[in-house]
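Please keep the structure in view while reading.

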Amino acid sequence: MRKYEDYHKSVMVEEVLKFLVTKDDGIYVDCTAGEGGHIKAIYEKTNGKAKIIGVDVDYEVLEIAETRLKEITDDIEFFKASYRDIDIVLHGLGIPKVDGFLMDLGVSTFQLKGENRGFTFRKDEPLDMRMDPDSDFNAWNVVNEYPEEQLSKIIFEYGEEFKFARRIARSIVNSRPINTTFELVEAIRKALPAKIVYNKRRHFATKTFQAIRIETNKEFDNIRTALEKFPDFLNPGGRICVISFHSLEDKIIKNFFRNNEKLKLVTKKPILPSEEEVNENPRARSARLRVAERI
Ligand code: SAM
């Protein structure tokens, strides 16, 4: 049996509870259920009175969340769906309004460490990176089928690889076919100067892998679509809490919250994790929480 410490370490749990849970008997939707860490915290904080719905595109992580939560309750409803289809999920459940939506963006520990998911440059695996294992589009398609110009744009924008995007895209195109994560790492390595390759602070493939993951899963497009849908499903006073890890994600959320007439800002500036949390969990370092409330 897995021990508590083996699960994905949820970020900013105290802050999420403080801003998301406005009443104990509310209805809360965790749109990125992952391994269920935030759901467990919401359940405990509300003494089991809240109705909690957990949504995730990845049935492997959902199974982990379900098994983990079953030890304490059978009352959580789990759905394998994309948050961009949140309207379909809630209509299907016959729930017209809820009191809070949570999104904790990024990758779960299970996805990074799991077998053959192809998210990490640290293991040699088939190129994949799908959060949704049912999707018929994966990182192989991006790396092997996109024109050089489009690859370069993605690496520049989503990877924030401002200096070397063009060179990396060219090297990828020249190295095709690229079937594995290590073949991709090698194509990236060939494009970079030695001082970047041997930089100890950050692996040289980090930014390109991030860019390809975001494109493979259409992450920014999904976030925009879901955000547009949330306000119509919120009771007045209900909240949207989003934890992001990428400056472009944060920008999408900030602009949406500022410009939506059905919402008011609860946090004018993003809430950052405490120093203590960052020391304990390095993944929390770039986390930012923004919160808006239904008027
Ligand atoms: N909060 C979770 C916890 O405490 O265990 C961890 C969430 S993890 C950082 C992000 C999750 O979002 C992953 O499990 C991933 O599969 C999921 N995800 C990514 N894109 C999604 C989408 N479009 N719809 C639903 N879930 C998605």
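## The largest pocket

Helix H11 (206-216) gives the most to the lining of the largest pocket, with 5 residues. A pocket is an open set of points on a 1 Å grid over the protein atoms alone, with protein on both sides within 12 Å along at least five of seven lines; lining residues have an atom within 4 Å of a point. Helices (H or I, at least four residues) and strands (E, at least two) are DSSP runs, numbered from the N terminus. Helix H5 (109-113) and H13 also give two or more residues to this lining.

The model is predicted: local features need pLDDT of at least 70, side-chain atom pairs count only at pLDDT 80 or more, and totals for chains, interfaces and linings use all residues. Residues are numbered from 1 along each chain as its sequence is written, and side-chain values use heavy atoms, with hydrogens and water left out.

The largest pocket holds about 1700 Å³ of space. A volume is the space filled by probe spheres set on the grid points, which are joined across faces, edges and corners. The lining has 38 residues; closest to the pocket centre are Arg202, Thr206, Gln210, Arg285 and Ser286. By class, the lining splits into 11 nonpolar, 13 polar and 14 charged residues. Ala, Val, Leu, Ile, Met, Phe, Trp, Tyr, Cys and Pro count as nonpolar, Asp, Glu, Lys and Arg as charged, and the others, Gly among them, as polar.

## The ligand site

Where does the ligand sit? The second largest pocket holds the ligand, by the test that more than half of its atoms lie within 2 Å of the pocket's grid points. The ligand is surrounded by 26 residues (a heavy atom within 4 Å). The closest are Ser10, Asp56, Tyr83, Asp104 and Gln111. This shell divides into 9 nonpolar, 12 polar and 5 charged residues.

A ligand nitrogen atom lies 2.8 Å from a polar backbone atom of Tyr83. For Thr32, the distance from a ligand nitrogen to a polar backbone atom is 3.4 Å. For Cys31 it is 3.5 Å. The protein covers 97% of the 610 Å² of accessible area that the ligand has on its own (Shrake-Rupley method, 1.4 Å probe).

## The cavity

The structure holds 1 cavity of 30 Å³ or more. A cavity is a set of grid points where a 1.4 Å probe fits but cannot get out. The largest cavity has a volume of about 40 Å³. Its lining is Lys254, Phe257, Arg258, Leu265, Thr267, Lys268, Arg290 and Val291.

Helix H13 (247-259) and strand E7 (288-294) each give two or more residues to this lining. H13 supplies the largest share, 3 residues. The lining residues divide into 3 nonpolar, 1 polar and 4 charged.

## Backbone exceptions

Most residues other than glycine have a negative phi, and most peptide bonds are trans. Met12 is not a glycine, yet has a positive phi of about 50°. Met12 is found in the segment before helix H1 (13-20).

The peptide bond from Arg176 to Pro177 is cis, with omega near 0°. Pro177 is in the loop between helix H8 (165-175) and helix H9 (181-191).

Notes:
Polar contact = N/O pair within 3.5 Å; in protein donor to acceptor, adjacent residues only side chain to side chain.
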